[in-house]
Amino acid sequence: MHDIKAIRDDPQAYDRAWAVRGLEPQTSGLLELDAKLRAAQTAVQEAAARRNEASKLIGAAKAKRDEDKAAALMAEVEQLKASMAEQMHIEASTGAELKDRLAALPNVPAEDVPPGEDETANVAQRSWGEPNRPNNPRDHVDLGGPLGMDFEAAARMSGSRFVVLKGQIARLERALGQFMIDLQTTQNGYTEVNPPLLVKDDAVFGTGQLPKFAEDLFHTTDGRWLIPTAEVPLTNIVREQILAEEELPMRLTALTHCFRSEAGAAGRDTRGMIRQHQFQKVELVSITTPEKSDEEHERMTNCAEQVLQKLGLAYRVMLLCAGDMGFTARKTYDLEVWLPSQNTYREISSCSNCGDFQARRMDARYRPASEKGTRFVHTLNGSGLAVGRTLVAVLENYQDEGGRIAVPEALLPYMGGVTHLEPGR
């Protein structure tokens with residue numbers, strides 16, 4: 001959500017910022033609505049003041065037995081009431097339209113975000129590890145079948161984009177999730193949370209999925225939404241709250257199932273586990289002050305990178321261009337892990353600084369220690385990591401020619417003595 005006062009102060013800056021995200025100029029229409037809204041508010045206030053004044057004069061006129069004046073004043077009061085009702089209707093409808101228009105506009109990119117329309121304009125920041133290039137690498141679907149990865153059984157009960165994991169491969173997925181959440185809580189200072197997986201409209205509006213991306217979500221018959229990511233409940237923990245500055249930064253993490261309709265991904269990654277309707281993910285969320293949010297963004301990205309480093313998976317960090325960023329982000333780093341079967345890097349985490357964009361939608365504030373008033377917090381979120389995609393990367397990078405999968409050293413404490421996944425076991 002955007003501050004109309006800030007847009008009023010510098011509309012050209014907002015139009016320039018939205019232009020790099022591929023939008024036509026927006027501020028002219030916004031400011032017209034803003035002017036109409038403020039005019040209606042002023043008219044209501046002036047009419048109310050005159051009504052109150054006239055009401056007092058009615059009493060004075062009646063005390064003087066000036067019935068003609070009293071009648072004229074009463075007629076004026078009725079006209080004022082009618083005018084107020086009309087202006088209040090204009091105020092309500094214009095205010096709602098302005099709010100809807102503002103809510104539909106994406107965040108403004110940070111100054112150091114590169115311009116560009118799509119992923120081809122993203123900028124590599126750094127890489128880690130040497131890409132693994134085995135001879136004739138098999139993809140995770142071919143590798144996973146003999147190990148207990150069953151797409152056919154999942155399709156019979158749930159349809160496409162689901163999977164059943166059995167035996168050792170199910171244990172490996174569980175090990176990955178436990179390893180990730182343990183790393184973030186014991187070494188990186190995040191507080192573990194077990195949040196609801198069903199949330200109300202206000203929660204998904206607050207983090208920016210509604211109203212624009214409703215088709216990407218699953219909606220229940222009682223009006224709730226299945227979370228697309230734990231970012232939604234974790235960030236909404238501070239909705240409508242005023243925090244003390246001493247409570248910040250607040251760092252939260254959760255290992256949850258996530259649910260996405262993938263309505264906008266028809267035909268993409270239909271094979272395997274890359275793009276599923278249901279998957280597990282460790283989410284990282286930070287709530288901080290505006291002065292610290294850039295620093296926190298770098299820290300969060302490093303926390304996600306640590307997972308890949310400890311698993312020995314080669315990756316690179318990409319700074320997303322304006323056209324490839326998510327709706328709520330002002331700056332995003334993507335982590336892309338190496339997949340031998342595709343001979344390329346694929347996204348496994350996005351770490352985004354949303355500035356005060358979500359906080360305005362949630363009315364989440366803090367009270368600076370040296371100030372009397374309150375300010376909006378800054379919110380950040382990132383994957384630390386998507387468990388299913390990490391499982392894909394482990395299978396493909398740790399395969400041997402016989403189809404066995406070596407268990408990464410970091411996961412051995414979670415595998416009960418299992419060092420390799422082998423077909424038929």
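## Helices H7 and H10

In this predicted model, the axes of H7 and helix H10 (residues 293–311) come within 10 Å and cross at roughly 130 degrees. H7 is therefore oblique to H10. The crossing of the two helices is right-handed.

On the H7 side, the contact involves Leu176, Phe179, Met180, Leu183 and Gln184. They meet Cys303, Ala304, Gln306, Val307, Lys310 and Leu311 in H10. By class, the H7 contact with H10 counts 8 nonpolar, 2 polar and 1 charged residues.

## The sheet

An open sheet is built from 8 strands with mixed pairing. Their order is S1-S11-S12-S13-S16-S10-S9-S4. Strand S1 (123–128) and S4 are the edge strands, and each pairs on one side only.

Strand S12 (residues 331–339) pairs with S13 through 9 bridges, in the antiparallel sense. Within this pairing, Asp334 has Ser350 in S13 as its bridge partner.

Both helices pack on the sheet. H7 touches S4, strand S9 (250–259), S10 and S16. The direction of H7 makes about 165 degrees with that of S9. H10 touches S1, S9, S10, strand S11 (315–319), S12, S13 and S16. The direction of H10 makes about 5 degrees with that of S16.

## Strand S16

Strand S16 spans residues 378–386 and is mostly covered. Of its 9 residues, 9 are buried.

Strand S10 (residues 278–288) runs antiparallel to S16, and 7 bridges join the two. Strand S13 (residues 344–353) also pairs with S16 in the antiparallel sense, over 3 bridges. Leu380 in S16 takes part in both pairings: Ser286 stands opposite Leu380, and Asn353 has Leu380 as its bridge partner.

Where does Asn188 lie? Asn188 is in the loop between helix H7 (167–186) and strand S4 (191–192). Is Asn188 buried or exposed? Its relative accessible area is 6%. Buried means under 20%, so Asn188 counts as buried.

Leaving aside residues up to four places away in sequence, Asn188 touches Leu183, Arg299, Cys303 and Gln306.

Note on methods. Residues numbered from 1 in each chain as written. Predicted model: local features only at pLDDT ≥ 70, side-chain atom pairs only at ≥ 80, totals over all residues. Heavy atoms only, no water. Buried < 20%, exposed > 50% of the residue type's maximum accessible area, 1.4 Å probe, protein only. Helix = DSSP H or I, 4+ residues; strand = E, 2+ residues; numbered from the N terminus. Pairing = 2+ DSSP bridges. Contact = heavy atoms within 4.5 Å. Axes fitted to C-alpha atoms, helices over the stretch in contact; angles between N-to-C directions. Parallel < 35°, antiparallel > 145°, perpendicular 65-115°, else oblique. Left-handed = near helix turned anticlockwise from the far one by under 90°. Nonpolar A, V, L, I, M, F, W, Y, C, P; charged D, E, K, R; others polar.
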